[in-house]
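Morning, everyone. I have one model to go through today, and I will keep it brief.

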Amino acid sequence: MPTKKEPPRAWQRMLSGRRLDLLNPSPLDVEIEDIAHGLARVARWNGQTKGPHAYSVAQHCVFVEKIAVELKPRLSREARLLALLHDAPEYVIGDLISPFKAAVGIDYKAFEHRLAAAIHIRFGLPPKPPADLEVILKKADIISAFHEATQLAGFTTEEAKKIFGVPPRGTRFPRMVPLPTGEAQAQFLERFKRLTA
């Protein structure tokens with residue numbers, strides 16, 4: 001009688017030497033240096049942005065954390081760290097656009113959430129952000145997307161308003177300049193170190 005065949009393991013080797021099981025990620029295999037390295041090399045907008053460098057997910061994460069603090073100035077360090085790490089799974093899985101996520105044949109969101117939970121646990125955070133913080137993070141992510149779209153990705157303000165809504169008035173948002181990979185990586189790591197000091 002034939003035995004049931006086990007599904008193949010989906011391992012990703014990291015530069016730190018860790019081997020991350022993508023289907024069953026362990027917090028013990030997560031290193032911040034691997035996250036920063038990967039996110040600095042993943043381009044937002046599929047690389048369709050202005051300038052000599054791609055706008056990386058690492059830069060986006062730093063920007064979203066700043067926006068979250070603009071939206072709620074008294075955020076705890078833990079909440080700010082969750083904001084910085086909101087797209088951390090993309091260090092392994094990349095930045096897939098939403099329509100493509102829907103077209104992928106697996107439950108992509110469940111896969112992404114398992115990896116995010118392992119990352120959060122690794123750094124002493126709850127596996128899932130509290131519901132009220134998720135609302136703030138989603139809003140900060142959308143505001144970031146609006147500014148990225150209009151400053152870097154060639155959208156008109158009217159196009160961006162239709163897709164992302166109107167960003168809140170009175171908040172301060174810097175001019176966005178895509179950084180070279182090494183600088184984006186260093187910026188992300190520096191922010192992480194300040195929030196975990």
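Predicted model: local features only at pLDDT ≥ 70, side-chain atom pairs only at ≥ 80, totals over all residues.

Numbering starts from 1 along each chain as its sequence is written, and side-chain values use heavy atoms, with hydrogens and water left out.

The protein has nine helices and two strands; these are DSSP runs, H or I of at least four residues for helices and E of at least two for strands, numbered from the N terminus. Of its 197 residues, 45% count as buried, meaning under 20% relative accessible area with a 1.4 Å probe, protein chains only.

Now the core. A nonpolar core here is a set of buried Ala, Val, Leu, Ile, Met, Phe, Trp, Tyr and Cys residues joined through side-chain atoms within 4.5 Å. The largest one has 51 residues, and Ile 35, Leu 85, Tyr 91, Ile 119 and Phe 188 have the most contacts inside it. Among the helices giving two or more residues are H1 (32–40), H2 (57–71) and H7 (131–151). H2 supplies the largest share, nine residues.

What does Tyr 91 touch? Leaving out residues up to four places away in sequence, its partners include Met 14, Leu 20, Ile 35 and Ile 119, where contact means heavy atoms within 4.5 Å.

Last, H7. The buried residues of H7 include Leu 133, Ile 136, Asp 141 and His 147. The buried residues of H7 pack against H2, H3 and helix H8 (157–164).

Conventions
Buried < 20%, exposed > 50% of the residue type's maximum accessible area, 1.4 Å probe, protein only.
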